[in-house]
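Visitor: I have a model open and would like to talk through how it is packed. Could you take my questions one at a time?
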Amino acid sequence: MNQKKLMKAAVIAAIYVVLSVVFQPISYGVIQFRIAEALTVLPILYGEAVWGLFVGCLLANMIGGAGVMDVVFGSLATLAAAWLTRRFKESKAAYIFPVIINAVVVGAYLAYLFDMPYWSVFGSVFIGEAVVIGTLGVILIKAAQRIQ
């Protein structure tokens, strides 16, 4: 990765962390609308966003997440979703990977940690992700495409 791409990945990671911390009351927990998740569509345009999102999520979950499970599994879920988003960047399906993967993975460990029914936590995470990505994520991609 060249310096310019490394810098872009670092900026994406930093923005992800800042958005998660600034909006902490709605970024963590069973019911979450993590504004930073709008960035998960950036791999559609920038390959380096995959690593930026992974590092950003890792750091954000270290700061305010639900412990080691959140740091490990939440960050790996973000990495997988970002990679798949990049892989299918030409398809509208690219937008759904962060929604589904986070709902499945984050829903599973949050249900375990908070001793709640899996499907209710799955639904909560799914809705939060879908709303953030379907609104802010789409707006972000359209704005980034215009700037490019």
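Visitor: Is T78 buried or exposed?
Guide: T78 is buried, with a relative accessible area of 2%, where buried means under 20% relative accessible area, exposed over 50% and partly exposed in between, using a 1.4 Å probe and protein chains only. Please keep in mind that this is a predicted model, in which local features need pLDDT of at least 70 and side-chain atom pairs count only at pLDDT 80 or more, while totals for chains, interfaces and linings use all residues. Residues are numbered from 1 along each chain as its sequence is written, and side-chain values use heavy atoms, with hydrogens and water left out.

Visitor: Where is T78, and what does T78 touch?
Guide: T78 lies in helix 4, helices being DSSP runs of H or I with at least four residues, numbered from the N terminus. Not counting residues up to four places away in sequence, T78 touches E37, L53, F54, C57 and N102, contact meaning heavy atoms within 4.5 Å.

Visitor: How do helix 4 and helix 5 cross?
Guide: The axes of helix 4 and helix 5 (residues 97-113) come within 8 Å and cross at roughly 165°; these axes are lines fitted to C-alpha atoms over the stretch in contact, with angles from 0 to 180 degrees between N-to-C directions. That makes helix 4 roughly antiparallel to helix 5, a term for angles over 145 degrees.

Visitor: Which residues meet there?
Guide: Among them are F73, A77, T78 and A81 in helix 4, and I101, N102, V105 and Y109 in helix 5. The residues of this contact divide into 14 nonpolar, four polar and one charged, where Ala, Val, Leu, Ile, Met, Phe, Trp, Tyr, Cys and Pro count as nonpolar, Asp, Glu, Lys and Arg as charged, and the others, Gly among them, as polar.

Visitor: Changing topic, how many residues has the largest nonpolar core?
Guide: The largest nonpolar core has 23 residues, and those with the most contacts inside it include Y16, L45 and I141; such a core is a set of buried Ala, Val, Leu, Ile, Met, Phe, Trp, Tyr and Cys residues joined through side-chain atoms within 4.5 Å. Helix 1 (3-22), helix 3 (49-64), helix 4 (68-87) and helix 6 (118-147) each give two or more residues to this core, and the largest share, six residues, comes from helix 3.

Visitor: And G65, where is that found?
Guide: G65 is found in the loop between helix 3 and helix 4, and G65 is partly exposed, with a relative accessible area of 30%.

Methods: Parallel < 35°, antiparallel > 145°, perpendicular 65-115°, else oblique.
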